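Please keep the sequence and the model in view while reading.

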Amino acid sequence: MASNDNHAHADRTTEIQNHIRSMPTLSYKVPSTMRCQSSLTANDMETSEVADLDWENLGFDLVQTDFMYVAKCGPDGNFSKGEVIPFGPIALSPSAGVLNYGQGLFEGLKAYRKTDGSILLFRPEENAIRMRAGAERMCMPAPTVEQFVDAVKQTVLANKRWVPPNGKGSLYIRPLLMGSGAFLRLAPAPEYTFIIFVSPVGNHYKEGLNLIVEDKFHRASPGGTGGVKAIGNYASVLKAQKIAKEKGYSEVLYLDAVHNKYLEEVSSCNIFFVKGNVISTPEIKGTILPGITRKSIIEVAQSKGFKVEERLVSVDDLFEADGVFCTGTAVVVSPVASITYLGKRISKPRSLCRISAAVQVTYKPTDG
């Protein structure tokens, strides 16, 4: 009976992987012939096809690349056309809104190189939409979806030699929106800057995640900014993360701030658990970031016959699961190897590898 179950799940694994790879709406192709509409000259673009890096041992650390994108927005709320300039420091007034009041947002997405040399982007329009939603919450203007996607394409194309060879990693893309105008009183900034920089990266976590459930610190509270990608959300998790890593854990899983009982998310990724044919994840209710990988997993899983539940999830639900995995731009889809809560540890939940594989998004472009 177990053998039949394994064959059934293996078939479903293949179906989902093939589906995610062939979904035309999930990717943007950046044609190699597209000209970068910026201040770059022909000489600037005469660089080697691929940068000289140790692609086999690429980690998840900043690698300085060649160019970045910058656009400004004044009091009228409209962003300038923007330009691609050499990567380097930026000038900010000490009284800039982002430095004094944390008025800033960022996004994260990736580009991949196919075997034919073309470059793929994963759902950049979704990042643009999410940035606009976050900007509204933070009283900031934001680029249009079209401006955002075009800026991403320009930045990737200008840095195309830093896109890792097929199968060796990806180019992490970091759009950043911040209040850069100078002022003193607490108010929205008078000027905003939109920046995009990139860095080649390898796997964030090469092995399964070992999570500890945090019961003292909280990542977000109702009515706050936990549901948007505000820069302050990430500074607030550093304390708990530091303590967890000193104890040997990979990451921290946070509980809700009201009942201290229901799961929310890991420091920088969403969490799912599987029980039978049901995949469950904490519902989006203002304190959890609506991850784009999360959304993609839900769509693909539903299309392949899984029942997906977005609901309140308790720690007990997690311990009783057949398998647990996390999703995000950095972690992609990573299985959870162990969960620890109040001293109780469960290692490698039953069928962990089989279940997480059934919804694995490889992100590695294929020629099929």
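A salt bridge is taken here as a side-chain nitrogen of Lys or Arg within 4 Å of a carboxyl oxygen of Asp or Glu. The model is predicted, so local features need pLDDT of at least 70 and side-chain atom pairs count only at pLDDT 80 or more, while totals for chains, interfaces and linings use all residues. Residues are numbered from 1 along each chain as its sequence is written, and side-chain values use heavy atoms, with hydrogens and water left out.

By the salt-bridge rule the count is 15. One of them joins Arg161 to Asp66, with the closest N and O atoms 2.8 Å apart. This pair links distant parts of the chain, 95 residues apart: Arg161 sits in the loop between helix H4 (145-158) and strand S7 (170-179), and Asp66 in the loop between strand S1 (27-30) and strand S2 (67-73). Helices (H or I, at least four residues) and strands (E, at least two) are DSSP runs, numbered from the N terminus. Arg161 is buried, at 17% relative accessibility; buried means under 20% relative accessible area, exposed over 50%, and partly exposed in between (1.4 Å probe, protein chains only).

A second salt bridge pairs Glu126 with Lys295, whose closest N and O atoms are 3.0 Å apart. It too links distant parts of the chain, from Glu126 in helix H3 (residues 124-137) to Lys295 in helix H7 (residues 292-303), 169 residues apart. Glu126 is buried at 13% relative accessibility, whereas Lys295 is partly exposed at 34%. Both residues belong to a network of salt bridges that also includes Arg123 and Glu299.

Lys307 and Glu309 form a further salt bridge, at 3.6 Å between the closest N and O atoms. Lys307 is partly exposed at 49% relative accessibility, and Glu309 is partly exposed at 23%.

Glu265 is found in strand S11 (residues 263-266). Is this residue buried or exposed? With a relative accessible area of 2%, Glu265 is buried. Its side chain makes a polar contact (a pair of N or O atoms within 3.5 Å; within protein, one must be able to donate a hydrogen and the other to accept it, and residues adjacent in sequence count only if both atoms are side-chain atoms) with the side chain of Arg219, at 3.5 Å. The Glu265 side chain also reaches the backbone nitrogen of Leu289 at 2.8 Å.

Thr115 lies in the loop between strand S5 (109-113) and strand S6 (119-122), and is exposed at 52% relative accessibility.
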